[in-house]
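Please keep the structure at hand while reading.

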There are 2 protein chains.
Amino acid sequence: MDLHVFAVQGIPEVTRDVDLAGLIAGAVTRERRDVEDGDIFVVAQKIVSKAEGAVVQLDQVMPSAMAAQWAADHGKDARMVEVVLRESRRIVRMDRDVLITETRHGFVCANAGVDASNVPPGFVTVLPGDPDASAERLRGALGAKFGRTIGVIVSDTFGRPWREGVVNVALGVAGVQPLIDYRGAVDSFGRSLKSTVIALADELASAAEIVTRKAAGTPVAIVRGAAEWIAHGTGRALVRDAERDLFR
Amino acid sequence: MDLHVFAVQGIPEVTRDVDLAGLIAGAVTRERRDVEDGDIFVVAQKIVSKAEGAVVQLDQVMPSAMAAQWAADHGKDARMVEVVLRESRRIVRMDRDVLITETRHGFVCANAGVDASNVPPGFVTVLPGDPDASAERLRGALGAKFGRTIGVIVSDTFGRPWREGVVNVALGVAGVQPLIDYRGAVDSFGRSLKSTVIALADELASAAEIVTRKAAGTPVAIVRGAAEWIAHGTGRALVRDAERDLFR
């Protein structure tokens, strides 16, 4: 019943069109880690975006008037603000110096996930176009390389209303059940349970972040001991429908 | 660098004024688990509330007119709605059949954390009055029993805007750094990092939830491998100040 979480160290700098599964598998092998059926690979969005070419060269971006004005008012790079707006389908908050938007995928996060950290100067990464497809490609390739049935979560750190700090969440999911649904289950007194749906994939992403955080610059971790939740699943299932969301 | 997370099984039903640390320590010992310096005990709010008598007998609650009306409109127990309102200092959303409030502590969650699951019929638990003090008492008592320097997180599952499902978060913290602050740190290209403050205690709570979820009715887990973050800390630090919060 125990959970074991460890970082995969020694993954080199990721560039466009690299064989990302190959880089990850090579690092796992060099570290003499085994891979077991049921292992869940949690992979930071950043290296997935780099491998997929989800990278924008800022000097080729022409900011709109709104991007230029807001950037000037808040000491931001207008080109980066423009990229954020292009990645967004709705602006949730544009206040003080924070730009929170809903991405094309439906994720609500700061700067639409556009990020300049750990990217060469003059470039920013954007979120993968289809994180579930990214996760599924990695799941297939890593599973084949190791001959194991594994799960993959493509993760990123998101802020939350009302609470300080960011936590890692699952953007893309493959081979893992994203939600555990206890609706209909009863407690020891025969009453229905309060917390009926658990966001398992987000909790797995958070567990992985703890070990990757410890090893700075380590974008992959493996969670072992959650094999009973290896199943078909998507990250899309974690995005709340607008109709069900009180916060829209 | 690895993280190891395991549930503490065999904790009996918790009642008022029980020695909660003694119950937890007894279960750890019966399971032949050792305790190491740096272990972090994640304890579900529910058993803390029960031990502290943070329990309300519904037939002694007289609903206000608003509670009675809203309960009637939404098929709820008016006495429970009344308890929720008493535990709240602000109503965040009161729409469809969801009541999201800000508790006296500043937590924003469904039903102010009032919960009827795993409580005898006719009773509900409320959140501990001071979860940091609860965590600190457990930290002192468990640390003394095992002769170890440990951390304690008192946790509960909260929903989030925009995403499906609930995740475990830290309400009370003692002996653990709740946030890791990377402001000022730089990436491999010398640029400042995007995700500057990590909500470590929430991620630890989420990691623990995965194993307690696997063992239904198991309200305590131990996270091992995070000893470098044993330090003074509070759960209060995870509650965003109103002035800093774009969502108020």
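This is a predicted model: local features need pLDDT of at least 70, side-chain atom pairs count only at pLDDT 80 or more; totals for chains, interfaces and linings use all residues.

How many of the residues of strand 2 of chain A are buried? Four of the five residues in this strand, which spans residues 40-44, are buried, and the strand is accordingly described as mostly covered.

## Strand 1, within the chain and across to chain B

Strand 12 of chain A also pairs with strand 1 of chain A, to which it is joined by four bridges in an antiparallel arrangement. One of the positions that can be located in this pairing is Ala7(A), whose bridge partner in strand 12 is Ala221(A).

Strand 1 of chain A has a partner in the other chain as well: three bridges join it to strand 1 of chain B (residues 3-7), and the two strands run antiparallel. In this pairing His4(A) stands opposite His4(B), while the bridge partner of Val5(A) is Leu3(B). Strand 1 of chain A is mostly covered, with four of its five residues buried.

## The interface between chains A and B

The size of an interface is often given as the accessible area lost when the parts come together. For chain A and chain B the buried area is about 7300 Å², of which 54% lies on carbon and sulfur atoms. On the side of chain A, the residues that lose the most area to chain B are Trp162(A), Arg163(A) and Glu164(A), which together account for 13% of what that side buries. Counted by residues, 80 of chain A are in contact with 80 of chain B.

Polar interactions also cross this interface, where 24 residue pairs, both members at pLDDT 80 or more, are in polar contact. The count of salt bridges between the two chains is eight, and one of them joins the side chains of Arg160(A) and Asp202(B), with an N to O distance of 2.7 Å. Several elements of chain A each supply at least two residues to the side that touches chain B, among them strand 1 (3-7), strand 8 (151-160), strand 9 (163-174) and helix 6 (200-214). The largest share, 11 residues, comes from helix 6 of chain A. By class, this side of chain A has 42 nonpolar, 13 polar and 25 charged residues.

## A glutamate in helix 4 of chain B

Is Glu82(B) buried or exposed? This residue is found in helix 4 of chain B, which spans residues 78-86, and its relative accessible area is 9%. Glu82(B) therefore counts as buried, because that value falls under the 20% cut-off. When residues up to four places away in sequence are not counted, Glu82(B) touches Val61(B), Met62(B), Pro63(B), Ser64(B) and Ala67(B).

Notes: Residues are numbered from 1 along each chain as its sequence is written. Chains are lettered from A and ligands numbered from 1 in the order in which they are written. Side-chain values use heavy atoms; hydrogens and water are left out. Contact means heavy atoms within 4.5 Å. Buried area is the accessible area (1.4 Å probe) that two parts lose on being put together, summed over both. A salt bridge is a side-chain nitrogen of Lys or Arg within 4 Å of a carboxyl oxygen of Asp or Glu. A polar contact is a pair of N or O atoms within 3.5 Å; within protein, one must be able to donate a hydrogen and the other to accept it, and residues adjacent in sequence count only if both atoms are side-chain atoms. Ala, Val, Leu, Ile, Met, Phe, Trp, Tyr, Cys and Pro count as nonpolar, Asp, Glu, Lys and Arg as charged, and the others, Gly among them, as polar. Two strands pair if DSSP finds at least two bridges between them. Buried means under 20% relative accessible area, exposed over 50%, partly exposed in between (1.4 Å probe, protein chains only).
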